[in-house]
Amino acid sequence: MIAKTLYGLEDVLADELTMLKACDVKAGRRMVSFTGDKAMMYRANYYCRTALRILKPICRFEADDADAVYAGVKKVEWEKYLTPDRTFSVDAVVYSETFTHSGFVTYRVKDAIADYFTEKSGKRPSVRLNRPDVYVHIHISHKDCTVCLDSSGESLHKRGYRTGAPGEAPLNEVLAAGMILKTGWCGQSHFVDPMCGSGTLLIEAALIALNVPPGLFRKEYAFERWDDFDRELFRTISEDESEEREFDFKCFGSDISPKALKTAAADIKNANLSKYIDLKILPFQQYTEAPRPGILVTNPPYGERLPADDLTALYSMLGERLKHVFTGYRAWILSSKEEYLEKIGLRPNLKLKMMNGQLECEYRCYEMFEGKNGDYKKSLKARNPYERETHPHTKFPAAEKPFAPRRKPPREDDRPAGGNRPYSKFRETEKPSAPRRKPPREDGKSILNSLRKKI
């Protein structure tokens, strides 16, 4: 199977699938391949926070032109997946010098499926763009073609907790969850987003802290309309509450926009998370204290809507407040404008590449140490080398082109393969304030049951 994701989150998704006990997990570019049974496919859709969709390959072949694509698709035994009285849609993703127009590929795939049934029975399934019975996906890389069934349907970033309240375009939920998981935070301290907008980071943080699956609010998946759908198996997976946990801290969000906070409050209430998230109207420059212990993760304005002078002042103020108010914190900031990130005036100890929509971004971590600089350097030397040397391959050399692939340097420590990530693999004895597993309640109620009341 193939799990699609955003650029920069492949390693996070690979870890999620490994924790779900998927086999043969291999990270690629914007995707992770893995193997598993039907239950694994259901779990991946329901539990993966950084997956956009889960694809089930049914055919692979090579094609030099559109006619070869048509012939390859037509060889599939489509009666295993479709009948003439059902509907289907086709989505194409193309990276090829030969095929330069994904729309034409989509057209030829539709023709092949329709002609297959017409020649077999004289009838053909109808094409339906909105909620078809079967989603067909074709991926072409150069001459290599992979035909898949899309088990997710609508993108998995559409969690289901949005109320549709008016406001500016929110941060993608998959990106927000990936940003948080990259930090290593899972509820062991307070969480602060001082420019929270419509609250996506806050909601995803609360779900991570409580270990609530992202699929809890989702209305449906494409696999539920497949002929082999096992309703009882999926019910068992979706009602498993054994991994839920307590969250003894809070998520704090603020913004200068009452409209954005109104949208955030509506979505937070719809997700039944008001108990765990505090909102207030407050400009960041008016912060005089920070909850402790804590972590700060934010996505400030990039300059698409604000004048350059305002942004220069904003990022300068951001650095000043971090230095004077958020000592002892790790501050993580996502921005597409390197020139504004430099205005923060602090040296990041980590830079990661990410994509926010079509924008190439940097995700920077700033260690806001307490005390003297010399003491801080000594603490770094004494720190766990796994934590100190995370992502040695993510620095930006001056001559490097954005998003140019780089070879990872050889590991000199005893970390396991895939272990150079700052967000996941603490040893149990090292995990700071590890969130405790929730004990059984005497009244038989649970966090997941309380959240389900809103669904």
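How many residues of helix H5 are buried? Eleven of the eleven residues in H5 (residues 173-183) are buried, so this helix is largely enclosed by the rest of the structure. "Buried" here means under 20% relative accessible area, "exposed" means over 50%, and "partly exposed" is in between, all with a 1.4 Å probe and protein chains only.

What you're looking at is a predicted model, where local features need pLDDT of at least 70, side-chain atom pairs count only at pLDDT 80 or more, and totals for chains, interfaces and linings use all residues. Residues are numbered from 1 along each chain as its sequence is written, and side-chain values use heavy atoms, with hydrogens and water left out.

**View 1. The whole chain.** Let's start with the overview: the chain has 13 helices and 15 strands. Both kinds of element are DSSP runs numbered from the N terminus, with helices (H or I) having at least four residues and strands (E) at least two. Of the 455 residues, 51% are buried. Among contacts (heavy atoms within 4.5 Å) with a separation of 6 or more, 77% join residues 24 or more positions apart. The chain exposes about 22500 Å², and carbon and sulfur atoms supply 50% of that; the areas come from the Shrake-Rupley method with a 1.4 Å probe, and for residues only the protein chains shown count as cover.

**View 2. Helix H5 and its two ends.** The buried residues of H5 include Glu173 and Lys182, along with Val174, Leu175 and Met179. Just past the helix, Gly184 has a positive phi of about 90°.

**View 3. Ser152 and its neighbours.** Ser152 sits in the loop between strand E8 (144-150) and H5. With 1% relative accessibility, Ser152 counts as buried. Its side chain reaches the backbone nitrogen of Ile54 at 2.9 Å. Setting aside neighbours within four places in sequence, Ser152 touches Asn45, Arg53, Ile54, Arg218, Glu220, Tyr221 and Ala222.

**View 4. The cavity.** Rolling a probe the size of a water molecule over the atoms shows where empty space is left. A search of the whole structure turns up one cavity of 30 Å³ or more. A cavity is a set of points on a 1 Å grid over the protein atoms alone where a 1.4 Å probe fits but cannot get out, and lining residues have an atom within 4 Å of a point. The largest cavity has a volume of about 40 Å³, counted as the space filled by probe spheres set on the points, which are joined across faces, edges and corners. Among its lining residues are Asn45, Cys48, Leu156, Arg159 and Tyr221. The lining divides into four nonpolar, two polar and two charged residues.

View 5. The peptide bond from Arg292 to Pro293 is cis, with omega near -5°. Pro293 belongs to the loop between strand E11 (277-281) and strand E12 (294-298). Asp24, in strand E2 (residues 23-27), has a positive phi near 50° without being a glycine. Asp24 is exposed, at 53% relative accessible area. Arg30, in the loop between E2 and strand E3 (31-35), also isn't a glycine, yet its phi is positive, about 60°. Arg30 is partly exposed, with a relative accessible area of 32%.

Methods: 1 Å grid on protein atoms, 1.4 Å probe; cavity = no way out; pocket = protein on both sides within 12 Å on 5 of 7 lines; lining within 4 Å. Nonpolar A, V, L, I, M, F, W, Y, C, P; charged D, E, K, R; others polar. Polar contact = N/O pair within 3.5 Å; in protein donor to acceptor, adjacent residues only side chain to side chain.
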